[in-house]
Amino acid sequence: MKKFTDPILVTRPYFPDLESFKRGLEEIWQNKWLSNNGPLVQRLEAKLAEYMGTRISNVSTFVNGTLALEIGFQTMGLFGADVITTPFTFVATAHALKRIGATPVFADIDAKSFCLSPAEAEKHITHRTRAIVPVHVYGHPCDVEGFERLGRKCGVKIIYDAAHAFGVKIGGKDISAFGDMSMFSLHPTKLFHSAEGGVLVFKDAKLQRKMTQLRNFAIMDEVRCIDVGTNAKMNEMCALMGLECFSVIDKLIASRAEIHAAYEKAFADCPEVYFPDPATLRGDLTPNYAYCPILVKDFDTREMLYAKLKECNIFTRRYFYPLLTDFDPYIYGKDSCPVAREIAGRVLTLPTYYGLSVDTATEIAETVKEILR
Ligand code: T4K
């Protein structure tokens, strides 16, 4: 088995051209403005709105995705509510609910997309439910039409955790066009990033005023504070990073697509590996290929593969194992989601990032196949 000389990590951030970044820094130096809704943050929000096909009044940026979620939930008035979500996600989804005083209620996922199933979510709706938070896991789209119907039928809000879904389109529309609100993480491990950052895109433009207040302590001026806000503002350096990444967004998505295609080709003759192609989830989907998850036969095989790949200097991740319902704060949901448990036990996410060559991706796949033989 080939041992790679340098470690291959599951992901690496995109670093923009340094000279171009330095020019952006010069502008910040001239502006003498570093945070609190500066000109670069406003420019980034305008770009995001344009890219997502919405208005600047329907987009707000934040210091990270987790605080964006918290403020989104707080703005939607979810304190004291039950909110249905998935256990097959990163902890931030449930933490953000808990931290604003909502109770996450866990429902099972769809075996094909790995996203929350509308039919399973519906089983958990009670008079206490005020929202559903499905996650577009790996950038795979949830059943957006199913959630729209469910939201209307039961009178609950649909708030997507779209942390992984930047650039995904359904029927030519940006994925943020679905649901009442969507949150995109701009963490450096994401295909599009701002060093740290988060974005909320929402249908009701009236929400923006509240979000702008909450992300700046809910202080109105020197003498008035009207709510329990926090400090969740994006700063100018992060906005600059976001703007720099924007100038190459198509290239970033295209490189992920090429890596995905290389894995797909390499695994075509390997029945031991199931490599889902997001494009098959629906005919009108433009995927972003944010992650490259594989499923293997069972838990023991996955654990063996994960360990042996490490010996080869390939650092995969078991996103998303354990399930949230295995963690102390959410243990009350343990064993309530058998499909999620099955997938979490068999999944492994392979390296994918701008700069990983197609040849290296093929070599990684060949190493996986050799280990499994
Ligand atoms: N909702 C969902 C569904 C999410 O997945 C996330 C975050 C959120 C909400 C919250 O959004 P943020 O508040 O984060 O904006 C990572 C990320 O920290 C986290 O953002 C992400 N999801 C989660 C899925 O993955 P870790 O603990 O796996 O990251 P870490 O530090 O191990 O990094 C992964 C790999 O990337 C490592 O091999 C090292 C490499 N790396 C990482 C960073 C930060 C670099 O090479 N350079 C870097 O600068 O959580």
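Predicted model: local features only at pLDDT ≥ 70, side-chain atom pairs only at ≥ 80, totals over all residues.
Modeller: Helix α9 (residues 249-267) and helix α12 (residues 358-372) have axes that come within 9 Å and cross at roughly 35°. Helices here are DSSP runs of H or I with at least four residues, strands are E runs of at least two, and both are numbered from the N terminus. Axes are lines fitted to C-alpha atoms, for helices over the stretch in contact, with angles from 0 to 180 degrees between N-to-C directions.

Colleague: Which residues in α9 meet α12?
Modeller: Glu-258, Ile-259, Ala-262, Tyr-263, Ala-266 and Phe-267 do, and their partners in α12 include Val-358, Ala-361 and Ile-364; contact means heavy atoms within 4.5 Å. Ala, Val, Leu, Ile, Met, Phe, Trp, Tyr, Cys and Pro count as nonpolar, Asp, Glu, Lys and Arg as charged, and the others, Gly among them, as polar.

Colleague: OK, and at what angle do α1 and α8 pack?
Modeller: About 145°, with the axes of α1 (residues 18-31) and α8 (residues 236-246) 10 Å apart. On the α1 side, Phe-21, Leu-25 and Trp-29 are among the residues that meet α8, where the partners include Met-237 and Leu-240. That contact divides into seven nonpolar, two polar and two charged residues.

Colleague: Which residues form a nonpolar patch on the surface?
Modeller: Trp-29, Leu-34 and Met-237, with about 330 Å² of accessible area together. Leu-34 sits in the loop between α1 and α2 (39-52). Patch residues have over 30% relative accessible area and no salt bridge, like charges being joined within 9 Å and nonpolar side chains (Val, Leu, Ile, Met, Phe, Trp, Tyr) within 5 Å. A salt bridge is a Lys or Arg side-chain nitrogen within 4 Å of an Asp or Glu carboxyl oxygen, and areas are Shrake-Rupley with a 1.4 Å probe, only the protein chains shown counting as cover for residues.

Colleague: Which peptide bonds are cis, then?
Modeller: Tyr-319 to Phe-320 is cis, omega near 5°, and Tyr-321 to Pro-322 is cis, omega near -5°. Phe-320 lies in the loop between β13 (314-315) and α11 (338-346), and Pro-322 is found in the loop between β13 and α11 too.

Notes: Residues numbered from 1 in each chain as written. Heavy atoms only, no water.
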